Amino acid sequence: MWKVQINHFNEATIVHHGNQFLIGNGKMGYRGTLEEFNKEQLVGLNLPGLYDQFEDKWRESVNAPNPFFTQVKFGGQVLNPLLLKPIQHEQILDIKKGIHSRETSWMLNNTMITIQSERFISMVQKDLMVMKYSVTVDQLAELVIETGIDGAVWDINGPHLENSDVQTIDNILVLNMNTQELKIPVVVSEGILTNKDVNENINLDHEQIMRSLKLTLKKDETFTFYKFASIKQGESSNEATLETKAAMEQGYEVLYQEHVEAWDDKWKLADVVITGDEEAQFNLRYSIYHLLILTPTSEYASIPARGISGQTYKGAIFWDTEMFMLPFYLNTDLEAANKLIQYRVHTLDGARRKAKEYGYRGAYYAWESQETGDDACSHFNVTDVFTKRPIRTYFRDKQIHISGDVVYGIWQTYLRTMDLNILINGGAEVIMECARFFYSYGYYNLDQDRFEILDVTGPDEYHERVNNNAFTNRLVLETFTILDQVLTLLKEHKNNTYQQLIETLNFEADYQKILEITPKLYIPQANDNHVIEQFDGYYKLEDVSVEEVKSRLVHPNEYWGGGNGVASSTQIIKQADIVTMLYLFKNDYTDGVKKANWEFYEPRTEHGSSLSACMYALVACDNGNPNWAYPYFMKTASVDLTGKTKQYAGDIYIGGTHPAANGGAYMTAIYGFAGLNIVDDQIQLTPQLPDHWNSLSFKLVLKDECYQITIEKDKTTIVKE
Ligand code: IFM
């Protein structure tokens, strides 16, 4: 099963299907809406690496004009399911090929008119979008097809594009605009080829540029046009036009074929095969599909928390990338993994600026990072549903674990490749600056003779500004430990680089101080019940159930955190916090501690974040309980199929796709159920499949070799390919 399919039209699910039927290639994402839809239905061609700020609104990624806009008119009636009920409607996403298709029929004036379309964003030519669009009638009929570029773009905090200039060059339509803030050109061009000659007029409006095709179709005749669209960022209309022309010369079939072959190559390495559970198989493949359409194409852009599904969360990059998505790319596409790491190297100066802004030294990475690494996160990131006033949140100021997450990601990449270039080409500098930041942020408690990390927000965002969040403290310890390992390695193998870094960063004194303080760093330990307190004073909070907290809500979209929120004074947490720590640092903790904490924190977790369930699944597997893990795995893997996630935080729309959950599903299969562990280039497996699974198999790229790993009930095989 490789297809997501719906067989009827329902207005209420337009937004969900926009996410569910998304296509993309890492550089662009196109929402799963119908060709006749517009910004009201959240049509979106998202450009994840391009950002803009309009006036004093939130800076966010840019959505480009829509080159696929097409509507058919018959007898003066626009064929649009919102205006006229179709007699048949089907929408399909083929996740094996990265192709979206639809077929819709209407009965009007005793004539059946059927629209079929098939579209893709080329996985080969990254600025290219291609569509085949057909209309069939069962009676002689006169039709008008309007197709062109719709410049009326859906924006959350826009408009982001200005100075629209429309032109036609050799019958290619071109819409030229630029971003408001940095004046970066965004050019959309499109050309069409038709299966028969038609009468065509072009209407140039300042935001829209449309072809109007007038045609008469005989009984049972089909009219087809092929559309080739080029979207250029920072380039001129000339480049866009040339690419459109070249694509038209190549033709639909050739472009289709190369696209499908590129997808085939991707699946060869990325697929994970489950036998004995079709639903789990499909959900997992669907999650991997999302990771594939997010494969980074540049080292100057990374993967936003809502992927390429739109501008939610400002199109920004969070810790989601390193902690939940990077493992997939490390196992299947090292080049992509390196781009993610290089993105953090290129944004180091932004992190330095943020540290300085708050009065610290070193690098404090952006909670919501864009192209420069400056923080896009607002101090008031949620709006109160009752008063409509902004709520002061401390994600930006206090979620300091982000710098540790970046360090962790770089180190994991180094451990996987043992390639010193990762450290030499900026990785070591990032690690040094992050360690320095933590050193300057921490507090030496003279009375207790220990180094503490105060006033932070951990992964559980409902409890802000807490002291000694165990997860954060443990990650700081990891950062200090990695720092020492990195500097020792460089000193031994690349002494020149070592000396140069120490001198340019003036790091000698900090290095010594960090080494001295590391043994004093306070790491909260398990109590007599083997439970670790999430932060100082957590146990003193009201001990209530999630259901009880829910029953106290006055409004369904009310924000649970933010100091005064319903959860803030209780032990109810938003997402896996201690449990995330237990997964990341599994060797530090006994099975007893893992079990006790899982059992203690799970009933206290709202799972209000899509990052939560996979961590519970991973720790359950690590604890030898795959059947406990299974429902959390299924929840994670189906998140973008069901659309059952929070759509609002207060009054702010937070819908879209969930790449961290997609990555978490992959992690659960590979690190949980297969129990993969790589130590010194050796593949170790501790498999524990759910009872009803027969087998699990996947590929692993390790040091230029590819391994096929197959886990069956009673045997495990590793074959070098
Ligand atoms: O990074 C997450 C955070 O942990 C919870 N809120 C949403 C963010 C983006 O996914």
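Reader: How many of the 721 residues of the chain count as buried?

Author: The share is 64% of the 721 residues, where buried means under 20% relative accessible area, exposed means over 50%, and partly exposed lies in between, with a 1.4 Å probe and protein chains only. A word on the basis: this is a predicted model, in which local features need pLDDT of at least 70 and side-chain atom pairs count only at pLDDT 80 or more, while totals for chains, interfaces and linings use all residues. Residues are numbered from 1 along each chain as its sequence is written, and side-chain values use heavy atoms, with hydrogens and water left out.

Reader: How many helices and strands are there in the chain?

Author: The chain holds 20 helices and 30 strands. Both are DSSP runs numbered from the N terminus: helices are H or I with at least four residues, and strands are E with at least two.

Reader: What makes up the contacts in the chain with a separation of 6 or more?

Author: Residues 24 or more positions apart account for 68% of them, a contact being heavy atoms within 4.5 Å.

Reader: Why is Ile709 called buried?

Author: Its relative accessible area is 0%, so Ile709 falls under the 20% limit. Ile709 is found in strand S29 (residues 705-712). Leaving aside residues up to four places away in sequence, Ile709 touches, among others, Ile683, Leu685, Phe698 and Ile718. Leu140, by contrast, is 569 residues from Ile709 in sequence and 58 Å from it in space, C-alpha to C-alpha.

Reader: Why is strand S8 said to be largely enclosed by the rest of the structure?

Author: Five of the seven residues of strand S8 (residues 88-94) are buried, so that wording applies.

Reader: How do you know that S8 and strand S9 pair?

Author: Two strands pair if DSSP finds at least two bridges between them. S8 and strand S9 (residues 99-108) have seven, in the antiparallel sense, so they qualify. Ile92 stands opposite Ser101 in S9. The hairpin of S8 and S9 has four residues between the strands, and there Gly98 takes a positive phi near 65°. Strand S1 (residues 3-6) is also joined to S8, by four antiparallel bridges, with Asp94 in S8 as the bridge partner of Lys3.

Reader: What makes strand S2 and strand S5 edge strands?

Author: Four strands form an open antiparallel sheet in the order S2-S3-S4-S5. Strand S2 (23-24) and strand S5 (60-64) each pair on one side only. Within the sheet, strand S3 (residues 29-30) and strand S4 (residues 45-52) pair over two bridges, so they meet the requirement of at least two. Gly29 stands opposite Asn46 in S4.
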